[in-house]
Amino acid sequence: MTKTIGIICGSLRKNSYNRIIAQALTEMDDSVEFRWIEINDLPLFNEDLEISGDPETVSSFKSAIRDVDGIMIVSPEYNSGIPGVLKNALDWASRPAKSSVLSKKPVGIIGATPGGMGTAFAQIQTRQILEAMQAHVLPFQKVLISQVHEKIDSEQQVLTDEKTKRYLQRYLQQFMNWIDHIPTLE
Ligand SMILES: Cc1cc2nc3c(=O)[nH]c(=O)nc-3n(C[C@H](O)[C@H](O)[C@H](O)COP(=O)(O)O)c2cc1C
């Protein structure tokens with residue numbers, strides 16, 4: 001059966017490098033169905049909003065996560081950490097705590113930056129946050145894309161660097177294998 005992967009981009013910027021990387025990923029395996037899961041319409045998390053039931057944007061966001069076999073997060077790093085918009089989205093997805101849509105969901109993390117550290121700090125934080133909701137984050141492997149502005153064609157908005165394409169392809173392959181072999185811990 002065709003596997004479905006939800007893509008969450010941690011940048012809301014129109015010409016986001018991370019969105020370009022995510023787009024490249026969606027073109028790498030025809031046997032996978034990729035679905036963009038947008039986070040720009042989510043309200044700021046507030047427990048008071050939950051009392052009267054999730055707002056419509058939140059319930060569609062949670063359903064979109066529930067309906068896919070895995071999630072790939074492709075995000076920048078802000079101030080050595082996870083962007084606020086992404087943290088906000090993950091906080092929504094974490095609720096209710098005992099039945100989060102991210103619990104036991106396979107998740108991969110990718111990040112790109114024009115800087116030299118490839119979003120390493122943000123990725124460590126994101127992994128830690130996801131583990132708090134008992135998501136199954138792909139272990140060991142990392143895709144840290146530094147100097148991303150030199151690896152894309154900014155006119156065409158496409159990834160051009162062959163080495164980065166190979167890294168992404170390998171990561172995607174490992175992620176798809178991971179989905180099939182996730183331990184069923186209760
Ligand atoms: C508020 C802010 C903080 C940033 N902090 C970092 C950082 O800690 N590390 C880093 O590599 N880049 C940092 N940057 C630069 C981003 O990597 C750069 O803006 C990148 O293009 C954002 O990703 P995007 O192109 O997908 O929107 C920061 C940018 C902003 C706006």
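Student: Before we start, what pLDDT do local features need here, and how are residues numbered?

Tutor: Residues are numbered from 1 along each chain as its sequence is written, and side-chain values use heavy atoms, with hydrogens and water left out. In this predicted model side-chain atom pairs count only at pLDDT 80 or more, totals for chains, interfaces and linings use all residues, and local features need pLDDT of at least 70.

Student: Which residues surround the ligand?

Tutor: A residue is near a molecule if one of its heavy atoms lies within 4 Å of it. The residues that surround the ligand are Ser11, Arg13, Ser16, Tyr17, Asn18, Pro76, Glu77, Tyr78, Asn79, Ser80, Thr113 and Pro114.

Student: How does that shell divide into nonpolar, polar and charged residues?

Tutor: Ala, Val, Leu, Ile, Met, Phe, Trp, Tyr, Cys and Pro count as nonpolar, Asp, Glu, Lys and Arg as charged, and the others, Gly among them, as polar. On that basis the shell around the ligand has four nonpolar, six polar and two charged residues.

Student: How far is an oxygen atom of the ligand from an N or O atom in the side chain of Thr113?

Tutor: A polar contact is a pair of N or O atoms within 3.5 Å; within protein, one must be able to donate a hydrogen and the other to accept it, and residues adjacent in sequence count only if both atoms are side-chain atoms. A ligand oxygen is 2.7 Å from an N or O atom in the side chain of Ser11, and a ligand oxygen is also 2.7 Å from one in the side chain of Arg13. For the side chain of Thr113, the distance is 2.7 Å.

Student: And how much of the ligand does the protein bury?

Tutor: Accessible areas come from the Shrake-Rupley method with a 1.4 Å probe; for residues, only the protein chains shown count as cover. Taken alone, the ligand exposes 620 Å², and the share that the protein buries is 68%.

Student: Over the face of which residue does Arg13 lie?

Tutor: A charge sits over a ring if NZ of Lys or CZ of Arg is within 6 Å of the ring centre and within 35 degrees of the ring normal. Arg13 is 5.3 Å from the ring centre, and the residue whose face it lies over is Tyr17.

Student: Why is helix H1 described as largely enclosed?

Tutor: Helices (H or I, at least four residues) and strands (E, at least two) are DSSP runs, numbered from the N terminus. Buried means under 20% relative accessible area, exposed over 50%, and partly exposed in between (1.4 Å probe, protein chains only). The buried residues of H1 are Asn18, Ile20, Ile21, Ala22, Ala24, Leu25 and Thr26. Helix H1 (residues 17-26) is largely enclosed by the rest of the structure because its buried residues number seven of the ten.

Student: At the start of H1, which backbone nitrogen does a side-chain oxygen of Ser16 reach?

Tutor: Ser16 is also one of the residues around the ligand. Its side-chain oxygen comes to within 3.1 Å of the backbone nitrogen of Asn18.

Student: How many aromatic pairs does a search of the whole structure find, and which parts does the pairing tie together?

Tutor: Rings of Phe, Tyr and Trp (its six-membered ring) pair if their centres lie within 6.5 Å; planes under 30 degrees apart count as stacked, over 60 as edge-to-face and the rest as tilted. The search finds one aromatic pair: Phe45 and Trp92, edge-to-face, at 4.7 Å centre to centre with 70° between the planes. Phe45 lies in the loop between strand E2 (32-36) and helix H2 (47-51) and Trp92 in helix H4 (residues 84-93), so the pair ties together parts that are 47 residues apart in sequence.

Student: Which peptide bond is cis, with omega near -10°?

Tutor: Look in the loop between H4 and strand E4 (106-112), where Pro96 is found. The cis bond is the one from Arg95 to Pro96.

Student: What is phi of Ser80 near?

Tutor: Ser80 sits in the loop between strand E3 (70-74) and H4, and at 41% relative accessibility Ser80 counts as partly exposed. Its phi is positive in a residue other than glycine, near 60°.
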